[in-house]
Amino acid sequence: MTDDLLTYENAQDYITSLVPPREAELMEMEAYAEEHGFPIIGPACGYYCYQLARMIKATSIFELGSGYGYSTAWFAKAVKENGGGVVHHTVWDEELSQQARSHLVKLGSADIVKFHVSEALEALRQTEGTFDIIFNDIDKEAYPASLSIIKEKLRSGGLLIIDNMLWHGRIFDKTDLSPATLGVHEFTKQTTQDNDWIVSLAPMRNGMIVAYKK
Ligand SMILES: C[S@@+](CC[C@H](N)C(=O)[O-])C[C@H]1O[C@@H](n2cnc3c(N)ncnc32)[C@H](O)[C@@H]1O
């Protein structure tokens, strides 16, 4: 029975094996995440974000919760190849922001990245204009309250990308009533039940929702 071979792990390994070779700096960032247990989106989701940004020719991207810049690096690569623009990096930790800056300098993308050391939603509120893509990777308990400002700051025809929507399988545990798990459930409901969005969940790594704003 080949169905036995279609496991979550086999699928993840296979999907990751399809990601083309990438810059040594990106691979060093992946190795750092592995070594320090830092939750980056990883190569398959990174490449997916890059693909989505290329597909809609995004030139303005706002990231909420950017860590040391791994996801930023994928978005910045797309924006550069789209002809230039801006990617906003937000994290509330100065040291992570500095780390991100150093990686993006090495990748030759720092010139198009704007670094905010701030609470991410506050930075979004205070930044003028609307965006082609908003990427949400902040603490999960804060997901539900983030949607109204995201909706306001995303252009029509733009993409909201949200990480961790399978939440390490915790969404299947009915006894898990932690604020983070409830935040993931609530945010999923808010986007999938709102007719202004066209939504799908890609079961890649920890699950990524892509929501197209009509
Ligand atoms: C999951 S990690 C980001 C990983 C990054 N997106 C990547 O894939 O490379 C989330 C980061 O954002 C920070 N963070 C979480 N909630 C935040 C918020 N509301 N405002 C600013 N930073 C936040 C966390 O401390 C952490 O450094």
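Is Arg 205 buried, exposed or partly exposed? Arg 205 is partly exposed, with a relative accessible area of 27%; buried means under 20% relative accessible area, exposed over 50%, and partly exposed in between, using a 1.4 Å probe and protein chains only.

## Basis of the report

This is a predicted model, in which local features need pLDDT of at least 70 and side-chain atom pairs count only at pLDDT 80 or more, while totals for chains, interfaces and linings use all residues. Residues are numbered from 1 along each chain as its sequence is written, and side-chain values use heavy atoms, with hydrogens and water left out.

Arg 205 lies in the loop between strand 6 (197–202) and strand 7 (208–213). Helices (H or I, at least four residues) and strands (E, at least two) are DSSP runs, numbered from the N terminus. Most residues other than glycine have a negative phi. Arg 205, however, has a positive phi near 50 degrees.

Lys 57 is not a glycine either, and its phi is positive, at about 55 degrees. Lys 57 belongs to the loop between helix 3 (42–55) and strand 1, and with a relative accessibility of 62% it counts as exposed.

## The ligand and its surroundings

The ligand is surrounded by 19 residues, where a residue is near a molecule if one of its heavy atoms lies within 4 Å of it. The closest are Ile 41, Ser 71, Glu 119, Ala 120 and Asp 137.

Some of these residues make polar contacts, that is, pairs of N or O atoms within 3.5 Å; within protein, one atom must be able to donate a hydrogen and the other to accept it, and residues adjacent in sequence count only if both atoms are side-chain atoms. A backbone N or O atom of Ile 41 is 2.9 Å from an oxygen atom of the ligand. In the side chain of Ser 71, an N or O atom lies 2.9 Å from a nitrogen atom of the ligand, and the side chain of Asp 137 likewise has an N or O atom 2.9 Å from a ligand nitrogen atom. The protein covers 91% of the 610 Å² of accessible area that the ligand has on its own; accessible areas come from the Shrake-Rupley method with a 1.4 Å probe, and for residues only the protein chains shown count as cover.

## Buried residues

Thr 72, in helix 4 (residues 70–81), is buried at 0% relative accessibility. Not counting residues up to four places away in sequence, Thr 72 touches Glu 63, Ser 66, Val 87, His 89, Leu 104 and Val 113, where contact means heavy atoms within 4.5 Å. Ser 60, in strand 1 (residues 60–64), is also buried, at 13%. Its contacts beyond four places in sequence include Val 86 and Ile 133.

Thr 127 occupies the loop between helix 6 (120–126) and strand 4 (131–136) and is buried, with a relative accessible area of 13%. A polar atom of its side chain lies 2.6 Å from the backbone oxygen of Ala 123. Beyond its neighbours within four places in sequence, Thr 127 is in contact with Phe 62, His 88, His 116 and Lys 153.

## A loop aspartate

Asp 93 is located in the loop between strand 2 (86–91) and helix 5 (94–106). Asp 93 is partly exposed, at 31% relative accessibility, and its side chain reaches the backbone nitrogen of Glu 95 at 3.0 Å.
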